[in-house]
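Hi there,

Here is the structure I promised to pass on to you.

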Amino acid sequence: MSDDPSYGFDTLQVHAGARPDPATGARQVPIYQTTAYVFRDADHAAALFNLQEVGYIYSRLTNPTVAALQERMAALEGGAGAICCSSGHAAQILALFPLMGPGKNVVASTRLYGGTVTQFSQTIKRFGWSARFVDFDDEEAVRAAIDDDTRAIFGEAIANPGGYIMDVRAIADIADAAGLPLIIDNTSATPYLCRPIEHGATLVVHSTTKFLTGNGTVTGGAVVDSGTFDWAASGKFPSLSDPEPAYHGLKFAETFGPLAFTFHGIAVGLRDLGMTMNPQAAHYTLMGIETLSLRMDRHVANAQRVAAWLEQDDRIEAVTFAGLPSSTYHHRVAEVCPKGAGALFTVAVKGGYEACVKLVDAVEIFSHVANLGDTRSLIIHSASTTHRQLTPEQQEAAGAGPNVVRFSIGIEDADDLIADLDQALAKATA
Ligand SMILES: *Cc1c(COP(=O)(O)O)cnc(C)c1O
């Protein structure tokens, strides 16, 4: 069995979802570069369309290379099933889609990836959905934000750009008491550092673009379902508990049990929203995941060393990295992400905006890009790029003030990274 859940993480990251190709014996998962699949006969085709038999119909819905990645993601997160899609942002819409409807809201952490703040505060309004942002450290405020129209709670385990670690268990308990699913964006942590389902999460979403693929080649996303939420208990999730009109009245919860969300996500979500992952992207991501734990250990060790070096440097005002004892969130590392606090953090540089702009121009190993979770070390000055459109107040609130740069520490030699920052800081603050 390639995905016996009793195997350790390092075994699952190589083997889960991948078996020798039945047609050729190919050991690596082949890239099934096909749009459609020949039905055995008319009865077979009808059974597939009725979801009475699981198989391949059309690659907007399912593809064997993508299916291998889905199984691997479910195994690594300890979930019942997973749906892969075209990007992390697609995964967020795909996760909310069966739960929400016009007039419904999601209660979300204030500490989220900037793109998610925009997606939740602006774009989802066009579907009649809304988001209420609250400080997830204020449990009373989270409870107070939930009302009869709330359909999900959403937060990031280790929040991009770093420094904040969510008390996943505490928020899961609030979601449980309200009969609501907790959705965790686990992009920055990866399942190697944090397994949100073990802390009570219902759904886990990923931008596989980042550490999971790990080499900066393809965008992708995933939604992993714990399979443990009772969709019929409250009557709030009719797409899953009641006859689904978009699938000739099929009752997903009754028919598929713990795989209800996964089947709905494919049969209705991918079918009608079309945000499908292509087999090439699934291939690159499968290859990346094979070395996830090895890379994450190095990312974390390097981040720890670089952050500690920066913190003691005179040219630096502050470093927000939960791996440092000085962080307000250091005490949550052992509970939430015991193998380390990730590899993202922000740094306030003395000399403000001018020094930051010079710093990103002076680095030689670090790349100045709008990405994270690459094997390469990355740097960005948010105030002059990703957060340029925001007011100074909004920039401060987002942790992206004019004097702040964000780092994603790669897997190079830590000594070389420190030497690079040393020479670049000398130029930036001269
Ligand atoms: C990048 C990112 C996303 C969005 O993912 P894409 O693959 O770029 O669509 C969502 N959440 C977090 C935490 C991210 O870092």
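Thr-209 sits in the loop that runs between β8 (203–207) and β9 (221–225); strands here (E, at least two residues) and helices (H or I, at least four residues) are DSSP runs, numbered from the N terminus. Before I go on, two notes on the source: this is a predicted model, in which local features need pLDDT of at least 70 and side-chain atom pairs count only at pLDDT 80 or more, while totals for chains, interfaces and linings use all residues. Residues are numbered from 1 along each chain as its sequence is written, and side-chain values use heavy atoms, with hydrogens and water left out.

Thr-209 is buried, at a relative accessible area of 13%. Buried stands for under 20% relative accessible area, exposed for over 50%, and partly exposed for what lies in between (1.4 Å probe, protein chains only). The side chain of Thr-209 has a polar contact of 3.1 Å with the side chain of Ser-207. A polar atom of the Thr-209 side chain also lies 3.1 Å from the backbone nitrogen of Gly-220. For a polar contact, two N or O atoms must be within 3.5 Å; within protein, one must be able to donate a hydrogen and the other to accept it, and residues adjacent in sequence count only if both atoms are side-chain atoms.

**Around the ligand**

Which residues come nearest to the ligand? Of the 14 residues around it, these are Gly-88, Asp-185, Ser-207, Thr-209 and Lys-210 (a residue is near if one of its heavy atoms lies within 4 Å). By class, the shell has two nonpolar, nine polar and three charged residues. In this scheme Ala, Val, Leu, Ile, Met, Phe, Trp, Tyr, Cys and Pro count as nonpolar, Asp, Glu, Lys and Arg as charged, and the others, Gly among them, as polar. Helix α4 (residues 88–96) gives the most to this shell, with three residues.

- A polar backbone atom of His-89 is 2.9 Å from an oxygen atom of the ligand.
- A nitrogen atom of the ligand lies 2.7 Å from a polar side-chain atom of Asp-185.
- An N or O atom in the Lys-210 side chain is 2.7 Å from an oxygen atom of the ligand.

On its own the ligand has 380 Å² of accessible area, and the protein covers 92% of that; the areas come from the Shrake-Rupley method with a 1.4 Å probe, and for residues only the protein chains shown count as cover.

**Salt bridges**

Side chains of opposite charge can pair when their charged atoms come close. How many salt bridges does the structure hold? There are 17, each being a side-chain nitrogen of Lys or Arg within 4 Å of a carboxyl oxygen of Asp or Glu.

One of them joins Asp-173 and Arg-169, whose closest N and O atoms are 3.9 Å apart. The two residues are four apart in helix α7 (residues 168–177), so about one helical turn separates them. Asp-173 is partly exposed at 42% relative accessibility, and Arg-169 is partly exposed at 34%.

Arg-271 and Asp-272 form another salt bridge, at 2.7 Å from N to O. Arg-271 is partly exposed, with a relative accessible area of 25%, and Asp-272 is partly exposed at 44%.

Are Arg-315 and Asp-313 buried or exposed? Both are buried, and their side chains meet in a salt bridge of 2.8 Å, N to O. Salt bridges also link Arg-111, Asp-135, Asp-137 and Arg-332 in a network.

**Cysteines and backbone angles**

The disulfide count is zero, where a disulfide is a pair of cysteine sulfur atoms within 2.5 Å. The sulfur of Cys-194 has its closest cysteine sulfur in Cys-337, 6.4 Å away, which is too far for a bond. Cys-194 is buried at 1% relative accessible area, and Cys-356 is buried at 0%.

Leu-51, in the loop between α2 (42–49) and α3 (64–77), has phi near 60° and is buried at 17% relative accessibility. Thr-190 belongs to helix α8 (residues 190–193); its phi is near 65°, and Thr-190 is buried with a relative accessible area of 1%.

Best wishes
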